[in-house]
Amino acid sequence: MKIEFKGIYGQQGVIEFLTTYVHLLREEKVDSLFLEFVGPEGVGKLTSALEFAAAVNCEGEETVPCEVCPHCVQMLHLQHPDLMLLLPDMDADKWDGMLKRLEPRLFYSPIKQIKIDEIRSVEKELWRERPYSGRYRFVIVANGENLNQYAQNAFLKTLEEPYPRTVVIFIVSKPERILPTIHSRARKVRFNAVSFKDFQQYFETLDLRVSLPLLYRITFGSIGKAKRYVYSDFIRARSIFLKALREVDIQKLLELFKSPSGGLSEGQKKPRVKSEKYIEDFIDFYGTIGRDLLYTKSYLQEFIINSDLKDEIGEFAKSISEDRIIEMLKIYRELPFWLRANVDDSVIPYALIAPIVGRTYQDVFRNY
Ligand SMILES: [Zn+2]
């Protein structure tokens, strides 16, 4: 039997690990398994989890996943009765089509964090003695870091039960947000950033009108992020964001946060993807501006990430002190924690601008 994961790009180590486990599980040598897929966003962790689940349950004898047997088709289309998928951070557009097909097997939360009730529903499902139709059932948690502490604890209890023929996969791109108790229980499967060669190969056939080396650099090699950047016109929105930041233009920032193309004039390309992620994208971009400013001040421009904005960043560097840049980076690090406390998104522009107008991050976070 040959195991061939057609949807996994690069990631040799991951392929080897999963191949071993496909054999072990198909021979029923493992009862239950808890895996943590860790790695940068957009490198194919969810796709790999689904391909793995398909390969384990595939009816094929020669090449698995065969992609044509009922198990493969159902698994890869998220319709398999033994698949439970939790989406703590639902990207409405990305999942919309799938949601309609998947109910009621999917446990999702349209807000940022999944609720404990949903974890309980999964638990209830697992009390069934056997999978419905496959060899193993799969519980896949996408964006595991977006489970809040209570939900993570509830989930931990689920893991303590030895449910038979169950594979749990926790997909995580920010491991620092995962409870150590969960982290230590899982067998880690590490995903690397995609190499430039694989990245190039992936985008080869698309007419992106963007320099691929630039796209690779600003997304740190994340294919998922790169697709989002291109389709939401985020690359261009970056320069509007940077200008608004330099000019302390709160109104413009608020507009951008409503839509990444909010700063573009009428008649320009409309975004095809609109997702909550772009707020996170702007925050990440803010962090890279901070870094680029420090490099510019240290005459190390060759390390600048946002090389297409080198001139603007150079001008910005002249008007901002190093202390204030350090405050920018502190705010950048603090914001994710702050956002998890469900603070209104419209407060973010004020936080981002604070260090530029000479306030410290303590001033900003004091009241929260
Ligand atoms: Zn198959």
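Author: Start with the whole chain. Of the contacts with a separation of 6 or more, 69% join residues 24 or more positions apart. Two residues are in contact if their C-beta atoms, placed from the backbone, lie within 7 Å. This is a predicted model: local features need pLDDT of at least 70, side-chain atom pairs count only at pLDDT 80 or more, and totals for chains, interfaces and linings use all residues. Residues are numbered from 1 along each chain as its sequence is written.

The chain has 17 helices and eight strands. These are DSSP runs, numbered from the N terminus: helices are H or I with at least four residues, strands are E with at least two. Of the 368 residues, 37% are buried. Buried means that 20 or more other C-beta atoms lie within 10 Å of a residue's own; exposed means 12 or fewer, and partly exposed is in between, with C-beta atoms placed from the backbone.

Now the core. A nonpolar core is a set of buried Ala, Val, Leu, Ile, Met, Phe, Trp, Tyr and Cys residues joined through C-beta atoms within 7 Å. The largest one here has 83 residues. Phe37, Ala53, Ile140, Ile169 and Ile171 touch the most other members. Domain 1 (2–190) and domain 2 (232–365) both give residues to this core, so it lies between them. The domain bounds come from an automatic or database domain assignment. In soluble globular proteins, nonpolar side chains tend to be buried together.

Two of those residues, Ile169 and Ile171, point one way from strand 7, along with Val167. Thr166, Val168, Phe170 and Val172 point the other way. How many of the residues in strand 7 (residues 166–172) are buried? Seven of its seven are.

Look at its neighbours. Two strands pair if DSSP finds at least two bridges between them. Strand 2 (residues 32–38) pairs with strand 7 in the parallel sense, over seven bridges. Phe34 stands opposite Val168, and Glu36 has Phe170 as its bridge partner. Strand 2 also pairs with strand 8 (residues 187–190), again parallel, over four bridges. There, Phe37 stands opposite Val189.

Strand 6 (residues 137–141) is parallel to strand 7 too, over five bridges. Phe138 of this pair stands opposite Val167. From strand 6 the chain runs through helix 6 (residues 149–160) to strand 7, a right-handed β-α-β crossover. Right-handed means that, with the strands pointing away from the viewer, the path from the first strand over the helix to the second runs clockwise.

Ala53 is a buried residue of helix 2. Helix 2 (residues 45–57) has 13 residues and reaches 19 Å from its first C-alpha to its last. That is close to the expected 18 Å, which is 1.5 Å times one less than its number of residues. Buried or exposed? Helix 2 is mostly covered, with 11 of its 13 residues buried. Among them are Leu50, Phe52 and Val56, and also Lys45 and Glu51.
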